[in-house]
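Student: I have a model open and some questions about it. Can we start with how the pieces are named?

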Amino acid sequence: MNSHLNALLPYPFARLLEAMQDIAPPAARQPVPLHIGEPKHPTPAVIIEALTASLHELDKYPVSAGLPELRQAFADWLSRRYDGLTVDPDSEILPVLGSREALFSFAQVVLDPAADHPQTVVSPNPFYQIYEGAAFLGGADIVFADCTAPRFLPDWTQIGPDVWPNVKLLFVCSPNNPSGSVMQLDDWKELFALQDRYGFVIASDECYSEIYFDGRKPLGALQAAQQLGRGFQKLVMFTSLSKRSNAPGLRSGFVAGDADLLKKFLLYRTYHGSAMSIPVQRASIAAWNDETHVAENRRLYQEKFDQVVPILRRKFDVQMPDASFYLWLKVPDGDDLAFARKLWREAAIQVLPGRFLARDSRHGNPGQGYVRIALVAPLAECVAAAETIIALV
C-alpha cells in the first residue's frame, strides 16, 4: 500500500458527521444544509440540451486534449472575461474533469518523488482540503500561510526563509474558500516577487470567480500576470462549471497557463485516463459560450446576500464577501464547534465549523471561532435560517 495514504486526515464533512452523531435535531424541523458548497440552483437548459443532443457520441473514445472547439471556447471565454487575455488554445489550455481532480493530479506532475532534497507545498490556511492531500500523496511536506482578519488572505511572511528554497508548489484560492476574499493586483505583485526569487509553481484555484457582487469582477492570476507585463511561466489557473453554471455533476473545467507545464500535464493525463467524454465536451462548449445563465445565477446569490446579511448584522459583525457564496461568520463566544452543534441540536441547521477547514499553526487555528455558511439553499430557507440563528444567539 502507498504509505503516504497514512498521512491523510478525515475530510471536513466526515469530521462534522462525527461531531454531530450524538445529536438528534428537532424532528419537526426540516434540515437546512448550509454546510456544504453544493449549488442548488437548477442546471441551465442550454447545458442539458447540448448534453442530451450529443449522447449519440458516447460511442467514441475522447482524447485527453479535448476537442479543438472546446479549447477554443475556453480561450474565447478567457478573452471576454479577462479584458482581452490571450491564451493559445493549442498549447496553453487543457480540459479537466472539474477543478478538484485537476488540482490533485497537477501536484503529482509538479512534485518529484525521486528528488534528493525536501519538497514543500505552500497552502493558505484555512484551505480546500485537496491541496493537503495532493501534497502528501506527492511525497511532499505542506506548510501553511494563515488567512486572518480583516482581509483573510494568506500571510506569506509566515513562511520562514529556510522553507522557501524547498517550495515546489504554492496553492492560491481567489476568490478564497471559505472567506470569499479576492487577491488584488498588489497581492499578486507580492506573490510574483517571491516566485521570481524562489522559482516555485503557482496553482491558482479560481472556481468561485463568477459569483461576485455589484459588478466587481475578481482579478484572475493570468490577468494579473498580463497586467504586470509577465508571461505565464510557472503559473496555471484552474476553473470549472460547478459553481459558475450550477453543474457540479458534469465534472467539467479547464486549466490554462504555462505551456511547458501543460505539456507535461497532458502527458500525465494521457496515462491517467482522465479524458472528458464528448457529450460533456459539447455541453461544456455551450456553457462557456453562454453568459445569460451566469448573470442570472449571480442575481440569485446577490438576492440571498442582500436579505441574509442585514438579518445577521443584528447580532454579528458580518461582512459581505468579495465573491463566492460563503459567509465566514465569527461566532459570539469563539467556539465554532459548539455553535455548530447548537444550531443542529436546536434548529436542524447545518454549518461547518471553521476549525475543520484549517490546521493548527504557531499562531493557533485560524479557522477556530468562525463557521462557514454556504448560501446555497433556496432564498426563503436561507432567510428563515438567518432569522433562527439570530433568535438562538
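Tutor: Helices (H or I, at least four residues) and strands (E, at least two) are DSSP runs, numbered from the N terminus. This is a predicted model, where local features need pLDDT of at least 70, side-chain atom pairs count only at pLDDT 80 or more, and totals for chains, interfaces and linings use all residues. Residues are numbered from 1 along each chain as its sequence is written, and side-chain values use heavy atoms, with hydrogens and water left out.

Student: Where is Pro366 found?

Tutor: Pro366 is in the loop between β11 (352-353) and β12 (370-374).

Student: Why does Pro366 count as buried?

Tutor: Its relative accessibility is 10%, so Pro366 counts as buried. Buried means under 20% relative accessible area, exposed over 50%, partly exposed in between (1.4 Å probe, protein chains only).

Student: What does Pro366 touch?

Tutor: Leaving out residues up to four places away in sequence, Pro366 touches Asn125, Pro126, Asp146, Cys147, Thr148, Trp328, Ala358 and Arg359. Contact means heavy atoms within 4.5 Å.

Student: How many Å apart are Pro366 and Gln72?

Tutor: They are 41 Å apart, C-alpha to C-alpha, and 294 residues apart in sequence.

Student: New topic. How many residues has the largest nonpolar core?

Tutor: It has 51 residues. Such a core is a set of buried Ala, Val, Leu, Ile, Met, Phe, Trp, Tyr and Cys residues joined through side-chain atoms within 4.5 Å. Leu78, Trp156, Trp164, Trp188, Leu191 and Phe254 have the most contacts inside this core.

Student: Which element gives the most to this core?

Tutor: That is α10, with seven residues.

Student: And what does Trp188 touch?

Tutor: Val172, Met183, Ile202, Ser204, Leu219, Gly220, Ala221, Ala224 and Leu228, again not counting residues up to four places away in sequence. There is also a second, separate core of 49 residues, which includes Ile211, Leu327, Phe339 and Ile390.

Student: Why is helix α5 largely enclosed by the rest of the structure?

Tutor: Seven of the eight residues of α5 (residues 130-137) are buried, so the helix is largely enclosed. Those are Ile130, Tyr131, Glu132, Gly133, Ala134, Ala135 and Phe136.

Student: What do they pack against?

Tutor: Against α4, β3 (120-125), β4 (141-146), β5 and β6 (201-205). Just after α5, Gly139 takes a positive phi of about 80°.

Student: On to aromatics. How many aromatic pairs are there in the whole structure?

Tutor: A search finds 23. Rings of Phe, Tyr and Trp (its six-membered ring) pair if their centres lie within 6.5 Å; planes under 30 degrees apart count as stacked, over 60 as edge-to-face and the rest as tilted.

Student: Why is the pair of Phe325 and Tyr326 edge-to-face?

Tutor: Their ring planes are at 80°, so the pair is edge-to-face, with centres 4.9 Å apart. Phe325 and Tyr326 are both buried.

Student: Which residues form one aromatic cluster?

Tutor: Phe74, Trp77, Tyr82, Phe254 and Trp288.

Student: Last one. Which residues lie nearest the centre of the largest pocket?

Tutor: Gly37, Arg100, Tyr128, Tyr208 and Lys243, out of 27 lining residues. On a 1 Å grid over the protein atoms alone, a pocket is an open set of points where a 1.4 Å probe fits, with protein on both sides within 12 Å along at least five of seven lines; lining residues have an atom within 4 Å of a point.
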